[in-house]
Structure formats: structure tokens, C-alpha cells
Amino acid sequence: MSNGKLEVYPVGTYINLTDTVNAKIITVAIHSDTYVTYECAWWNGDSRVKEWFDPSDFESVGESQEPIKIGFHRE
């Protein structure tokens with residue numbers, strides 16, 4: 001983490017997990033050591049599936065979505 005800022009993809013970002021699995025980020029979790037995971041949801045037939053992923057699991061991220069920077073203020 002530099003300058004107290006962390007880059008994350010915002011909730012609502014569409015990602016591709018595989019060529020046939022397109023999902024939407026529904027939750028962002030920030031863990032210790034600035035490790036970020038994303039809960040993603042997609043439809044599989046009539047069932048909605050939700051799983052947690054590391055950003056390295058994403059095959060691609062929606063064209064217009066860049067990570068946003070968030071910061072924390074300590075007193």
C-alpha cells in the first residue's frame with residue numbers, strides 16, 4: 001500500500017471468469033496486508049451462484065471499469 005491508498009474494482013463491475021462465465025462483483029472484502037477478494041454472482045441456468053475470488057482469477061474485467069483508489073485516515 002502506498003500513500004494509504006488501495007486500488008479495488010467497484011461493486012457492480014462485470015468480470016469474466018471464463019469464456020462462458022460472466023459475473024458481477026457484488027461484495028469487496030479487504031483483508032490484512034491489503035489483500036482484496038471479491039464476491040461475484042452469476043446465473044447458471046435457473047440458479048444464482050455466488051463465490052469469492054482473487055483478482056488473479058479474473059480472465060478479464062469490463063472494458064470501462066478501472067480499479068478505483070480508496071484511502072483510509074488514521075487519527
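In the predicted model, strands S3 and S4 pair in the antiparallel sense, and six bridges connect them. Within this pairing, Val28 is placed opposite Tyr38 of S4. The two strands form a hairpin in which five residues lie between S3 and S4. Asp33, located in the turn of this hairpin, has a positive phi of about 60 degrees.

S4 also pairs with strand S5, which spans residues 47-53. This pairing is again in the antiparallel sense and extends over seven bridges. Here Trp42 stands opposite Val49, a residue of S5. The hairpin of S4 and S5 has two residues between the strands, and Gly45 in this hairpin adopts a positive phi near 70 degrees.

In soluble globular proteins, nonpolar side chains tend to be buried together. In the present model, the largest nonpolar core comprises 13 residues. Those with the most contacts inside this core are Ile15, Leu17, Ile25, Tyr38, Cys40 and Phe58. Two or more core residues are given by each of strand S1 (5-8), strand S3 (22-30) and strand S4 (36-44). The largest share, four residues, comes from S4.

When residues up to four places away in sequence are not counted, Phe58 touches Tyr9, Ile15, Asn16, Leu17, Ile25, Tyr38, Cys40 and Phe53. Among these partners, Ile15, Leu17, Ile25, Tyr38 and Cys40 are also listed with Phe58 as the residues with the most contacts inside the core.

At the level of the whole chain, the model contains seven strands and zero helices. The order of elements along the sequence is accordingly β-β-β-β-β-β-β. Of the 75 residues in the chain, 25% are buried. Contacts between residues at least 6 apart in sequence were also considered, and 43% of these join residues at least 24 apart. The accessible surface of the chain amounts to about 5500 Å², and carbon and sulfur atoms account for 45% of that surface.

Technical notes
Residues numbered from 1 in each chain as written. Predicted model: local features only at pLDDT ≥ 70, side-chain atom pairs only at ≥ 80, totals over all residues. Heavy atoms only, no water. Core = buried A, V, L, I, M, F, W, Y, C linked by side-chain atoms within 4.5 Å. Buried < 20%, exposed > 50% of the residue type's maximum accessible area, 1.4 Å probe, protein only. Contact = heavy atoms within 4.5 Å. Pairing = 2+ DSSP bridges. Areas by Shrake-Rupley, 256 points an atom, 1.4 Å probe, with all protein chains shown as cover.
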